[in-house]
Amino acid sequence: MRFITILFLSFLLSQNAFGYWQQKVDHKIAVTLDDENHILRGYQEMTYTNNSPDTLKYIFMHLYPNAYKHDHTAFAKQKVADGDTKFYFSDKYEKGFIDSLAFEAENAPLNYSRYNDNEDIIFLELIRPLYPGTSIEISTPFRVVIPKNFSRLGHEGQSYQITQWYPKPAVYDSEGWHTMPYLDQGEFFYEYGDYDVEITLPKNYVVAATGDLQTESELKMWQARSMTDNTRDDKLKLFSTNITSDRELKTINFTQQHVHDFAWFADKNFLIEQLEFEKPSGSKCTAYSFFTPANAAKYKGSTKATAETIKFLSKE
């Protein structure tokens, strides 16, 4: 019996060590928005930590902006199969892609190639084996031509929805690599990590993004755009007109720990509703809602729904 117990305990320990684990990928990104040409120009540094029991010689990467590159990507085929042909018949200037990539690690270039004929997945060769418990720093410049808003990433004029926008490693777990092309359904499966993102754009944009805002001047701008019952009508009138982009640029910084993605949204007309509330633990939290004046009536009171959702999920 003692021998069997020891074997069972050994099995549990091995399951804890090797049966379930998560890789960790930290991202540091600096990106600039060109709102005349609808282009992002960025530079990214990733620290990939191998928490698996396996030695890795390559990493699969998602290049999801390439889902909008032409009319026979996996995304385009899926939209047609669902009866939506807007993207399939869209003009070339309405499509988008990511390019200008030059991956490096330890001052050496990394070779990469397209995987399985998918525009939005690449096979990145490492310069050395990545042993269990070790990390590697990978960097690359990148450029994203932002498509019209057909799915999560896109723009409508100078209103920007920037999601699935930077190179990111595919998930590697006990089942192996998850090399899924971008599709317009469901949610997304990524590695968790810490993010430090700097966004440069014309000064009069309001930006909503993942994480904690670190830029004091932007916090003041949020306060200026926040609506109360007393200021609602005045602010609706003030920001309902077309606003020319400021020639002066600003750089704002967001940070967040232990999340699996980073998204941001930018609009010169954004108004903000905010509500401070108390979670079941007693700690304070603030809910924010960003919307254009045209949609203000739909979003009035939306922070209350957010607050109640957070309180319910926290309690349960």
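The model on your screen is predicted.

**Stop one: Gln 44.** Select residues 39-49. This is strand S2, and Gln 44 is found in it. Now show the side chains of Gln 44 and His 27. Gln 44 has 0% relative accessibility; buried means under 20%, so Gln 44 counts as buried. Next, display what surrounds Gln 44. Beyond its neighbours within four places in sequence, Gln 44 is in contact with several residues, among them Lys 28, Ile 138, Phe 142 and Tyr 166.

**Stop two: the open sheet.** Select strands S10, S11, S19 and S16. These four strands form an open sheet in that order, with antiparallel pairing. Strand S10 (154-156) and strand S16 (206-209) stand at the edges. Each has a single partner strand, so one side of each is left without a neighbour in the sheet. From one strand to the next, the twist averages 10°. Zoom in on S16 and strand S19 (residues 264-267). They run antiparallel, joined by four bridges. Look for Ala 208, which stands opposite Phe 265 in S19.

**Stop three: Asn 253.** Move to strand S18 (residues 249-259), where Asn 253 lies. Is Asn 253 buried or exposed? Its relative accessibility is 17%, so Asn 253 counts as buried. The side chains of Asn 253 and Asp 196 make a polar contact at 2.9 Å. Leaving aside neighbours within four places in sequence, the contacts of Asn 253 also include Val 197, Glu 198, Leu 213 and Thr 215.

How values were computed:
Residues are numbered from 1 along each chain as its sequence is written. This is a predicted model: local features need pLDDT of at least 70, side-chain atom pairs count only at pLDDT 80 or more; totals for chains, interfaces and linings use all residues. Side-chain values use heavy atoms; hydrogens and water are left out. Two strands pair if DSSP finds at least two bridges between them. Helices (H or I, at least four residues) and strands (E, at least two) are DSSP runs, numbered from the N terminus. Axes are lines fitted to C-alpha atoms, for helices over the stretch in contact, and angles run from 0 to 180 degrees between N-to-C directions. Buried means under 20% relative accessible area, exposed over 50%, partly exposed in between (1.4 Å probe, protein chains only). Contact means heavy atoms within 4.5 Å. A polar contact is a pair of N or O atoms within 3.5 Å; within protein, one must be able to donate a hydrogen and the other to accept it, and residues adjacent in sequence count only if both atoms are side-chain atoms.
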